[in-house]
Amino acid sequence: MKLLSILKGKCPSCEKSSIFHTSGNLLLFQIPKINDRCKKCNFKFEKEPGFFFGAMFVSYALAVAEFIGAFLLSHFIFGRSLLVSFLVIVLMAILFSTINFRLSRTIWIYLFANHDVES
C-alpha cells in the first residue's frame, strides 16, 4: 500500500529500503539525511539538483492543515483563548518540523517516481 510506504519513508520503487539514513533530531538541530539511492533497487531519490525545491510547497500545505486543525481543536472545541491557541500552533510548528520535512520530501519523491518500474 503506497500510503503506508509514504508514511514509513520507504522507496517508491521497491517499498523495502528507507529513503532516509538518519531520522534527524529536533533537540540537536539535525535534519534528516536522504540516501542518494535505494539500497535494494538502486532507485535514485534526487533526480536533479534542486529537485526538492517543490517539497517546500508540500511542507507548507501539511503545516497549514496541521495548524488549522490545531486551532479549530484548541479554540472552538476546547474553548481556549486566542493566545493559548497561538502558542499551541507555535509548539506544533517546532515539534512537527522534522516530521514535516521527512513527509514532504517523501511525498515529493512519490509524486515524480516512475511507478511502472518493476521491482
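Analyst: Lys and Arg count as positive, Asp and Glu as negative, with His and the chain ends not counted. Each charge is placed at NZ of Lys, CZ of Arg, CG of Asp or CD of Glu. This is a predicted model, where local features need pLDDT of at least 70, side-chain atom pairs count only at pLDDT 80 or more, and totals for chains, interfaces and linings use all residues. Residues are numbered from 1 along each chain as its sequence is written, and side-chain values use heavy atoms, leaving out hydrogens and water.

User: How many Å apart are the mean positions of the positive and negative charges?

Analyst: The protein has 13 positive and 7 negative charges.

User: In what order do the elements run from the N terminus on?

Analyst: Helices (H or I, at least four residues) and strands (E, at least two) are DSSP runs, numbered from the N terminus. The protein has 4 helices and 2 strands. From the N terminus, their order is α-β-β-α-α-α.

User: Is Y60 buried or exposed?

Analyst: Y60 sits in helix α2, residues 55-77. Buried means under 20% relative accessible area, exposed over 50%, partly exposed in between (1.4 Å probe, protein chains only). The relative accessible area of Y60 is 59%, so Y60 is exposed.

User: What share of the 119 residues counts as buried?

Analyst: The C-alpha atoms fill a box of roughly 50 × 30 × 25 Å along the principal axes. Of the 119 residues in the protein, the buried share is 33%.

User: Among contacts between residues at least 6 apart in sequence, what share joins residues at least 24 apart?

Analyst: Contact means heavy atoms within 4.5 Å. Count the contacts between residues at least 6 apart in sequence. The share joining residues at least 24 apart is 56%.
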